[in-house]
Amino acid sequence: MSEVVFSSWGGQIVDNRNGQSTVDCDVQVPLKCGSNVIDAFMSWDGLVINDKNINVVALARAYIKEAAKLACGECSMGYSGFQLISGLLQRITEGHGHEGDVELLHELVDAVQKNVKCDYCANAVAPLKDAIKNYRVAFDNAAANTEPIPPVEYVKRVTAPCQEACPIHQDIPGYIELIRNHRYDEALKVIKRANCLPGVTGRTCVAFCEKNCVRADYDSALSVRALKRVPSDLGKQKPQASAIEPKTDKVAIVGAGPAGLSAAQHLAKLGYVVEVFDDQPIPGGMTFAGIPAYRLPRSVLQNDADAIAALGVRFHPNSRVSQLEDLNAQFAAVLLASGAHVSRDSGIDNWEPNLNGLTEGVKFLRDISTGKAIASKNKVLVIGGGNTAIDCARSALRIGCHDVTIVYRRSRSEMPANDDEVEAAEKEGVKFVFLAVPVKILALNNELIGAECIRMELGEPDSSGRRKPVPMAGSEFTLAADMVLTAIGELADTSILPINKVELTDWNSIKADKHGKTSLPWLFAAGDCSSGPASVVEAMAAGKRAAMGIHGYLSKQSIVSCEDGQLCGGFHEIGLSRRRHGSVVVPKNRQYPNEKPVSERILGFEEVEECFDVQAASREAERCLRCYRVMLIVKRQG
Amino acid sequence: MVKLTIDNKQVEIEDGATILAAAIKAGIHIPTLCYNEELTPAGACRLCVVEIVSEKDPVTVSSCNYPVGEGMIVSTTSEAVIKARRIAIEVLLAQNPNSSIIKKIAGSLGIEAGRFTIGKDCSHGCILCRLCVRTCQEVVGLSAITFEAQGLERDNNGAHVAWDEEACIACGSCAFVCPTDAVTTVDEGDKRIIQTPTAKMVFALKACTKCGSYYAPEKQLAYMAKTANLPLEKFDLCMDCRD
């Protein structure tokens, strides 16, 4: 970075225009994009000039023209301010500048920074201020000159911290803005561009976006997940006509979970003939089998799947594929997206699968989802600390079990389950025993009576970064139970793979690259069966990448991995969450959706969380700071 | 209750109130264009900017939507405030150079003519304050007017306010609240004509069954009958002919 001609990135000035700068700049803006050298870069946190021949006035003109398009119009200072700035730069670069134009520009930039409603405009004008301040002579000359300045050629990227954190890169500020203005049909359209399961993710997404929400630096993150549900509940879906000519190539997808559905949607949009095989009665994969209906009503799942079927995707429910090679005869490519449904070995002594009351958690949840009758018990132990454990415990309450305890080997703060899920379980009366692990099942006369447990203490951090639990010798104790559920992780079922032809990972999942390519050319893999258990949205992202991989394979084209509006190379490292010149944030409390009262909800599997009403949704959407980052990249020619 | 100081005056007001409400209570005038005490503040016109001087680094904020804080010291006349207001009104003047209210506020801030012009046609006069949108939603109880913001891939028409003619009941509240007359309503014979920045809408008026005068839009009467759960016949007579 110290070799650049000029940089104001991050507010730190590196100026090498007249000899070497003494300041060493460590702010990371990549100076290469693929094989291209970047000559200039302009975005909310400054400008970087890597070629002394770049005309900064023309660069600023191009940047402001693009940045003005994202000024929303909610305040006149931002919207019209940007138009006026853009107009002034236009006449300056076209050779029609007036005396005093640069001073006017400066005044407007200052006013926009200090007196706009939200963050976007205040931040977006910052690099122009840097440019005028540090290239004042160039601006003054341009304003005085009657010769037009040739425009720069550039590429534009637009993202936001939340959007970048989302594995499927949804335009989050975009749909939030539409929700704020009660425009649900259009919001749904924006969501569906990247997300084929708006109803499912509006209820169950782990919401990486919320963890990256800039608003959290002031009061608290936006309720993005709950907001996404609003257009999915209230907006109308219009069938999307495919503009692409249908292709003859057929693709089989094994597994109708988030990865398979996402791949199906993207492949169908590309014109492929897509058929999806699943052994369950309703599409959804683990979202059907593993997420209880009180979190995700089946009608919602079916709705989302119906919209994918409307694209021409053919579903084969209740169809178990026994051998993938059989499919290869009829389909040009096969995507394995069968998830991870096989419980890990519990490693508990005396675990007799036939003992009444001993069940694997995912099987317990699947049985409830498919409507099998399960007798309620008095005392239930659930082993594990993830979302599956919480789902098991809350479901056990709902089938009439009175006393449900989760036993977890680490402490509360290390639990991988979502915080709101843990809190909901606590509210409903689920008990927790932390820093303990069952080591032996206790039975009397072939009746389950409990489990012998041992206390744990936290030792050194392990490979996951969490402190490793270590058993404390002699601390054994007994917990009574007539039902024990294990929820300690799931593995992929590899029995349908062609024997010895597909490479596996060390943890027995299918080895696949970023685009799902396995060691067999016709076979692709995505989602939990390849990555191990992960979230719905990560599986959807993997499904989309695999769809791109399959498209590349079938069309014999190179895979387009860097889409417009999505960052690649080192650009996601440039600190999107930093605000350069934030407007003053008007304090507003986060809104949470209403929930059914505990006494009502534990009686059955009715949905717990309600949808925001229109007013609450607008109020919550109003909290969005619109942290869009417009980036202008000038690549070296040739 | 929260105590704060505005322009050296002590004010006490309930927690959660805005700085503007506190200023009004203290009898301090702050210019506004998009504010109405009946509506959720929009923070659109940026004229109500004040400076919170009690902050470590004094900041300017829009007083219509910024909540009061205990011990807050606010200036409505500081140099930063005057500078911000003057440029805000100049920007509004560029948007609508003919509006009498904008010219009046500009004059009060010592500005006769703005230094800025917007290249494109802005003769429709709308300054995107959204008083009409908020009135329709929050007072009338409908969403016949929506704000179509300009964001990603929606930049073809720019930001604008759009009327849904089907949902509109022709009550004319939007024209009543519009500060720049960008939307107007006029009754001509048996028709009410609402002219918005982008469209002309014509609605039928209902004649009084007794005196025959056209007295209210049919759609508005139907809406009132429905919301009050009354038969439509209850609205047959004009106000003058009712007992």
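The side chains of A:Glu622 and A:Lys117 form a salt bridge with an N to O distance of 3.0 Å, a salt bridge being a side-chain nitrogen of Lys or Arg within 4 Å of a carboxyl oxygen of Asp or Glu. This pair links distant parts of the chain, 505 residues apart: A:Glu622 sits in the loop between helix 23 (614-621) and strand 23 (629-635) of chain A, and A:Lys117 in the loop between helix 3 (101-114) and helix 4 (119-124) of chain A. Helices (H or I, at least four residues) and strands (E, at least two) are DSSP runs, numbered from the N terminus.

The model is predicted: local features need pLDDT of at least 70, side-chain atom pairs count only at pLDDT 80 or more, and totals for chains, interfaces and linings use all residues. Residues are numbered from 1 along each chain as its sequence is written, chains are lettered from A and ligands numbered from 1 in the order in which they are written, and side-chain values use heavy atoms, with hydrogens and water left out.

**Salt bridges**

Over all chains, the structure holds 52 salt bridges. Several of them are listed here.

| Pair | N to O distance |
|---|---|
| A:Glu622 and A:Lys117 | 3.0 Å |
| A:Glu607 and A:Arg203 | 2.7 Å |
| A:Asp420 and A:Arg225 | 3.9 Å |
| A:Arg295 and A:Glu421 | 3.3 Å |
| A:Glu74 and B:Arg130 | 3.4 Å |

A:Glu622 counts as partly exposed because its relative accessibility is 24%, and A:Lys117, at 16%, counts as buried. Buried means under 20% relative accessible area, exposed over 50%, and partly exposed in between (1.4 Å probe, protein chains only).

In the pair of A:Glu607 and A:Arg203, A:Glu607 lies in the loop between helix 22 (598-601) and helix 23 of chain A and A:Arg203 in helix 10 (residues 198-204) of chain A, so parts 404 residues apart in sequence are tied together. Both A:Glu607 and A:Arg203 are buried.

A:Asp420 and A:Arg225 also pair; A:Asp420 belongs to helix 19 (residues 419-427) of chain A and A:Arg225 to helix 12 (residues 224-234) of chain A, so this bridge ties together parts 195 residues apart in sequence. A:Asp420 is partly exposed at 40% relative accessibility, while A:Arg225 is buried at 11%. Shared partners join A:Arg295, A:Asp391, A:Arg394, A:Arg398, A:Glu421, A:Lys427, A:Glu428, A:Glu595 and A:Arg601 into one network of salt bridges.

**Domain 3 and domain 4 of chain A**

An automatic or database domain assignment divides chain A into parts that include domain 3 (250-342 + 492-555) and domain 4 (345-488). Their centres, taken over C-alpha atoms, are 30 Å apart. Each of these domains gives twelve residues to the contact, which means heavy atoms within 4.5 Å. The buried area is about 930 Å², with 53% from carbon and sulfur atoms; this is the accessible area (1.4 Å probe) that two parts lose on being put together, summed over both. On the side of domain 3 of chain A, A:Ala289, A:Tyr294 and A:Arg295 lose the most area, together 52% of what that side buries. Two salt bridges cross this interface.

**Chain B and chain A**

Here the contact takes 41 residues from chain B and 39 from chain A, and the two chains bury about 3300 Å² between them. Four salt bridges cross the interface of chain B and chain A. Helix 2 (79-95) of chain B is among the elements that each supply at least two residues to the side touching chain A, and it gives the largest share, eight residues.
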